[in-house]
Amino acid sequence: MALSRLASSSSRSADLLKPLCSAISLRRPISTDTTPITVETSVPFTSHQCDTPSRSVQTNAKELFTFFRDMALMRRMEIAADSLYKAKLIRGFCHLYDGQEAVAVGMEAAITKKDCIITAYRDHCTFVSRGGTLLEVFAELMGRQAGCSRGKGGSMHFYKKDSNFYGGHGIVGAQVPLGCGLAFAQKYSKDEAVTFALYGDGAANQGQLFEALNISALWDLPAILVCENNHYGMGTAEWRAAKSPAYYKRGDYAPGLKVDGMDAFAVKQACTFAKEHALKNGPIRGKSLSLVEAIKLTSSCSVCCAYMQILEMDTYRYHGHSMSDPGSTYRTRDEITGVRQERDPVERIRKLILSHDLATEKELKDIEKEIRKEVDDAIAQAKENPLPESSELFTNVYAKGLGVESFGADRKEVRAILP
Amino acid sequence: MLGIVRQKMLEQSLKKIRPAVSVLRSYSSAAKQMTVREALNSALDEEMSADSKVFLMGEEVGEYQGAYKITKGLLDKYGPERVLDTPITEAGFTGIAVGAAYYGVKPVVEFMTFNFSMQAIDHIINSAAKTNYMSSGRISVPIVFRGPNGAAAGVGAQHSQCYAAWYASCPGLKVLAPYSSEDARGLLKAGIRDPDPVVFLENELLYGESFPVSDEVLDSSFCLPIGKAKIERKGKDVTIAAYSKMVGYALKAAETLEKDGIDAEVINLRSIRPLDRSTINASVRKTNRLVTVEEAFPQHGVGAEICASIVEESFAYLDAPVERIAGADVPMPYAANLERMAVPQVIYHFSLFSYNYQYIYTHICIYMHANTHNFIHL
């Protein structure tokens, strides 16, 4: 019965999946079927000081297609950014997120735009999941006016305040106290929402993180710290940096959960659980802070080996730390290929869609083709976009400039009144 | 040796001069006296009352009533949700405050002294000052960082540094340094209302000092403009530019200079960033001589910036090189005599007119210990 309904919905979706000719149309051919489907997470959750959520996650065809499309889009976007960087259209730093898409997409599915997200410099995909457009991404990366920060921020400084996305931070670990501050403000304003503060395994050893954690626990802030453990802090493997790489336990009195971050549904389940926990326990002194650790497991490791201290296989980011890092001096290519074959988040969803007969291989390939075109169009548009006006050098130094004078490098020639 | 004798003579004469000094200050109809502490407390109280988004955060600001009693009574009045005692973790709580400001509430963060702000300076500079620019105006940071700055008395090297120059060099910050109670009230209120990050540099030794305040200053809507210096004392022979406690010293010096027929103009900077270059330049164009006074380390200091500004804008008007008086270029010593030598003192005045072919040199009485060439014996 369910299968026939699925079959009919897939034929409906097959119609929707026919490639669209209009170049500017962004209507996505996703199935609108919301019949519940249950999927199991890849591995059970491991917890510290709290209960584990169920391995069974409720989803539906619509969500599956959304996940597939969003992650494929992010993947394509990051790969395109790689090419742009090599073509010297993107300058400076460029930290790519490919491999980690499931965290951004799974988290977004669990929360609303009232909840805040703050992350570090690997922020392109998180920005997109919060509603940012491809044009804003590419234009910002290329330093153009249409960029989300009008070309003045760059790769590490994407913001989208109307969706409660607060960046985009270059200083490792600084975003964690900032995120706890967002949670503070949400509680102060009585907003019934939570903040997810993302950081990496490299930042997990920062002192300010523990300072913020202490205050958040003391003051019962609705803050959820998310360690995106891609096992490498730049070139330093986690076991070389952390005495205790059990990051989900590092909160001590704070509850923790270990999650397979390559599985978007596990991420979604954990974030739903964490948000509920934070809001429920918020006003009461005690366990109000959740520490959620997203760990990407490698294929060769059996399920019980939850921590990746020993292996040097990279699973999370297929790219190096940034575009200046080949990513292969501190880990083997086999490790990278292995993860790509066994645990790729996009592939996982593709297999789920295929196994539930929601679409054919060709239809999924067509979606990917469409995405490729979307990305290419956005890049073309961004390339046409102009650089900021020279006068922009002096704008936004202050929110309220008070009419003071500011100077350029040549103090006689280049002066401006700050608006 | 001789210097010490001279110093003792001056201190005695200063004691006689002091009562006269307050009368000569040019405030509007001085009805009430208010200490700087009371001024700050009342400013915080009124701004918290006017805007429910304003809250206080810092070590001992609540139950202890404030390490220097600036926040006295505010916990009782506004409750623990708006007056928050923090653990001794500057990096953590400053980051939290800045994050809260991103969201749109208005923190006033107290550093017990600005020496401790160095633990949090990454958040002040990278998270607060630069964000409005990096986000192209999407995210403003309406936060105030306040606390005592500079030398106190006998607190040693790690507790005596002045941070005005460091913070004022950073675009995106506004740096204020009040002197009187009027300054304290007006500038703190302006800072809290301002949508940008404000570094508010108080002075511990000024907290207990009383100044006359007019009814206008006492009004809850009173506010001073940011970026405008105040001419505390009009004069025509030499401009003395100072901030914070040194304004008081400059005024004392001006009194004694007057006896020698030198009419000094004293400028109270009030705002270190934005610096009121036009007021300082206009004054120097009138007097043709400039002395800058600060308690801070001399190198790359506020005085250096003012000097550069004058040289850029008003070079032709200078009749003598700019004189820069600052703290000693050493970490602050503890021993009382050494400490006295490490900061500018008002010792005695003399003036020297040295007809050195090209210019007339006026030295005034604010003494800088290492620069003995400032003393030219008649």
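Analyst: Let's start with one pair. The side chains of A:Glu368 and A:Arg350 meet in a salt bridge, 2.9 Å from N to O. By salt bridge I mean a side-chain nitrogen of Lys or Arg within 4 Å of a carboxyl oxygen of Asp or Glu. This pair links distant parts of the chain: A:Glu368 sits in helix α12 (residues 361-384) of chain A and A:Arg350 in helix α11 of chain A, 18 residues apart. Helices here are DSSP runs of H or I with at least four residues, strands are runs of E with at least two, and both are numbered from the N terminus. A:Glu368 counts as partly exposed at 23% relative accessibility, while A:Arg350 counts as buried at 7%. The cut-offs for those words are under 20% relative accessible area for buried, over 50% for exposed, and partly exposed in between, using a 1.4 Å probe and protein chains only.

A quick word on what you're looking at. This is a predicted model, where local features need pLDDT of at least 70 and side-chain atom pairs count only at pLDDT 80 or more, though totals for chains, interfaces and linings use all residues. Residues are numbered from 1 along each chain as its sequence is written, chains are lettered from A and ligands numbered from 1 in the order in which they are written, and side-chain values use heavy atoms, with hydrogens and water left out.

Back to helix α11 of chain A, which covers residues 345-355 and also holds A:Leu352. A:Leu352 is buried, with a relative accessible area of 17%. Leaving aside neighbours within four places in sequence, A:Leu352 is in contact (heavy atoms within 4.5 Å) with A:Val39, A:Leu64 and A:Phe265.

A:Asp82 forms a salt bridge with A:Lys86, and their closest N and O atoms are 2.9 Å apart. Because they are 4 residues apart in helix α2 (residues 61-86) of chain A, about one helical turn separates them. A:Asp82 is buried, at 10% relative accessible area, but A:Lys86 is exposed, at 59%.

Over in chain B, the side chains of B:Lys174 and B:Asp196 meet in a salt bridge of 2.8 Å, N to O. B:Lys174 lies in strand β6 (residues 174-176) of chain B and B:Asp196 in the loop between α8 (181-193) and β7 (198-202), so the pair ties together parts that are 22 residues apart in sequence. Both ends are tucked away: B:Lys174 counts as buried at 0% relative accessibility, and B:Asp196 is buried too, at 1%. Chain B also has a network, in which salt bridges that share partners join B:Glu46, B:Glu47, B:Arg185, B:Lys189 and B:Arg193.

What about links between the chains? There are 3 salt bridges between chain A and chain B. One of them pairs A:Arg411 with B:Glu312, with the closest N and O atoms 2.9 Å apart. On the side of chain A that touches chain B, α6 of chain A gives the most, with 9 residues. The contact as a whole takes 48 residues from chain A and 51 residues from chain B.

And the overall tally? Over all chains, the count comes to 43 salt bridges.
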